[in-house]
Amino acid sequence: MRKKDLGLWLAGAAAAALVTGAAMAQGQSAPAAGPSETKALNAGVVPAPARRPGEGLGPFRKMVIRGVTVIDGTGSPPRGPIDIVVENNRITAMRPAGTPGLPLKAGRAPDDADYELDATGMYALPGFIDMHAHGSGTDKAPDLGYSYKLWLAHGVTSVRSVPLAPLEVSLSEKRRSAANEIAAPRIFACQRPGDGAGWGGKPIDGEAAARAWTQWAAKQGVDCVKIMLPADFSPAAFKGVVEEARKLGLGTTAHLTQTGLSRIDARKAGAMGLGTVTHFYGHMESLLKNGAVQHYSTDYNFNDEQYRFAEVADIWDQTYEPGSDEWKAYLREQKANNVTFDPTMTIYAASRDLMRARNADWHESYTTPQLWDYFQSNRENHGSYFFDWTTRIEVQWRRFYERYMRLVNDYKNIGGRVTIGTDSGFIFKTYGFGYPEEMELLQEAGFDPLEVIQAATWNGALTIYEPKGVAEPPIGALLVGRLADIVLVKENPLQNFKTLYGTGTPRLNEATQKQERVGGVSYTVKDGIVYDAKKLLAEVAEMVAAEKRRAGWPEKGVPRP
């Protein structure tokens with residue numbers, strides 16, 4: 001950490017300690033799915049350091065981004081070359097810059113811009129939206145700026161945090177990001193029932209308490225409610241949260257935990273008005289063909305994470321077959337109830353190929369020692385469940401993913417809404433890098449590349465803004481009138497989503513006959529502020545190197561068991 005940031009860091013640490021201490025002192029701050037989740041979400045959180053002079057350029061009175069091919073996020077095909085005119089933080093014009101195959105027109109208006117970005121030949125997309133995000137607590141990084149910079153470096157300009165941190169920290173960081181006091185994506189704060197020091201630790205023990213907390217949270221400024229569903233969170237409380245949230249213009253999303261699925265599966269949750277089903281939990285349980293509950297082994301223990309995560313995939317052959325009448329009926333019901341599917345396939349992808357996840361290109365330079373240690377098999381850390389991971393378990397997960405991908409793709413095909421969320425910070429998923437992986441996984445599921453971009457942008461914006469009564473969101477599309485959240489890349493992402501990874505992807509240079517790295521985001525524009533994505537990655541790499549030295553690690557590589 002640079003010396004000039006030390007004072008800010010220490011001040012932030014002290015403030016976060018007070019907030020986190022208050023949140024942890026609540027005792028039952030929120031319904032928890034298990035002790036490891038409680039520990040993970042209550043971890044100390046240090047706010048991001050203030051944005052330094054020169055950290056991002058703008059916003060400008062008028063800025064022009066020249067010569068791009070636009071992929072607008074609505075599902076429309078690419079078009080270009082285009083000049084994008086931005087005034088302060090609003091796209092005010094998108095003007096033809098020439099004809100494909102011919103030189104760009106000279107002397108193109110406007111000629112009074114304060115800043116011009118020559119992006120000739122680049123592709124411009126709407127800022128990406130991560131619909132399932134958690135911030136980097138001190139058990140994973142020095143401060144929240146670590147996760148923020150990795151998100152921005154991968155084109156993520158908005159996150160729906162579920163949650164980012166304890167309520168008070170989430171709302172403070174939301175305000176700081178909105179004011180661009182920090183280098184961070186736009187934050188939509190989604191908190192769990194019972195969160196908040198001001199709530200006083202009162203239990204959510206029924207419908208009345210659920211409604212009261214939701215009313216209180218709305219007044220604090222939360223954007224949505226994230227429901228974890230343990231066995232002791234009653235259907236009445238669930239109903240109270242969902243109904244009250246809808247009245248107050250808040251979104252809702254739920255992790256339908258196995259311990260609560262016998263009472264509320266995804267079908268029942270959708271019928272009760274839930275906005276988003278995040279992860280896969282609850283879908284297959286709604287399609288069981290031989291009984292009302294999954295058939296677990298007789299020695300199963302949910303609190304033992306090896307059992308919890310190994311056996312969850314065993315449900316794959318206990319459901320009605322894909323394409324069956326029951327399968328189709330379930331999807332039609334969810335669509336009729338306007339339920340969004342947020343698959344987050346990336347966060348569990350290590351379960352079907354652990355070696356690939358452990359040896360990803362980015363760990364050496366961009367995964368902090370704290371985060372790497374958190375990933376290792378550990379009885380306490382949530383998602384560090386690979387105690388004895390076997391070939392059989394991975395095969396079950398691959399079969400499960402085949403069926404889950406079919407479900408998600410079929411839902412998209414009948415007009416159901418699918419978004420992109422990553423849940424990074426667990427299970428060998430470093431912040432930011434999980435986003436292009438989720439894009440790849442949606443393509444594997446059967447999505448056309450343009451449908452993947454739509455899930456990453458417009459669909460996320462609709463899901464966030466519809467509960468607020470906003471039919472035309474200000475983000476999520478590259479259209480005139482929208483906010484200036486823009487991703488600029490040199491490679492065509494529709495041709496290869498691997499080019500969106502911060503580490504790029506290898507490609508043979510035909511001229512030199514040598515392999516080289518291509519890709520990565522070039523620039524991320526958030527709120528009209530231009531961030532150099534490569535510079536952000538370099539700053540993260542510097543942070544990681546400093547943490548390695550502090551931890552006594554070698555400069556190269558990561559420790560292996």
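## Fold overview and selected sites

The protein has 17 helices and 18 strands. Its radius of gyration is 23 Å, close to the 24 Å that the globule rule gives for 561 residues, so the protein is as compact as a globular protein of that length. That radius is taken over C-alpha atoms, and the globule rule is 2.2 Å times the number of residues to the power 0.38. Helices (H or I, at least four residues) and strands (E, at least two) are DSSP runs, numbered from the N terminus.

This is a predicted model, in which local features need pLDDT of at least 70, side-chain atom pairs count only at pLDDT 80 or more, and totals for chains, interfaces and linings use all residues. Residues are numbered from 1 along each chain as its sequence is written, and side-chain values use heavy atoms, with hydrogens and water left out.

**Whole chain.** Along the principal axes, the C-alpha atoms fill a box of roughly 70 × 55 × 50 Å. Buried residues make up 61% of the 561 residues. Buried means under 20% relative accessible area, exposed over 50%, and partly exposed in between (1.4 Å probe, protein chains only). Of the contacts with a separation of 6 or more, 75% join residues 24 or more positions apart. A contact means heavy atoms within 4.5 Å. The protein exposes about 20700 Å², and carbon and sulfur atoms supply 52% of that area. Accessible areas come from the Shrake-Rupley method with a 1.4 Å probe; for residues, only the protein chains shown count as cover. The 64 positive and 65 negative charges have mean positions 3 Å apart. Lys and Arg count as positive, Asp and Glu as negative; His and the chain ends are not counted. Each charge is placed at NZ of Lys, CZ of Arg, CG of Asp or CD of Glu.

**Two helices.** The expected span of a helix is 1.5 Å times one less than its number of residues.

| Helix | Residues | Number of residues | End-to-end C-alpha distance | Expected span |
|---|---|---|---|---|
| α13 | 391-413 | 23 residues | 33 Å | 33 Å |

Gly415 follows α13, with a positive phi near 100°. Gly446 follows α14, and its phi is also positive, near 125°.

Helix α14 is mostly covered, with 10 of its 12 residues buried. Among the buried residues are Tyr435, Met439, Leu441 and Leu442, and also Glu437, Glu438 and Glu440. What covers them includes β6, β7 (156-161), α10 (354-358), α13, β13 (417-418) and α15 (449-456).

Gln396 sits in helix α13. Gln396 is buried, with a relative accessible area of 10%. Beyond its neighbours within four places in sequence, Gln396 is in contact with Ala313, Asp314 and Trp316.

Ile129 belongs to strand β6 (residues 128-133). Ile129 counts as buried, at 1% relative accessibility. Leaving out residues up to four places away in sequence, Ile129 touches residues including Ser158, Ile420, Tyr435, Ala456 and Ile475. Tyr330, 201 residues from Ile129 along the chain, has its C-alpha atom 27 Å from that of Ile129.

Phe309 is placed in helix α8 (residues 305-311). Phe309 counts as buried, at 1% relative accessibility. With residues up to four places away in sequence not counted, Phe309 touches Tyr281, Tyr348, His382, Tyr385, Trp389 and Trp397. Phe309 and Gly383 are 74 residues apart in sequence, and their C-alpha atoms are 8.5 Å apart in space.
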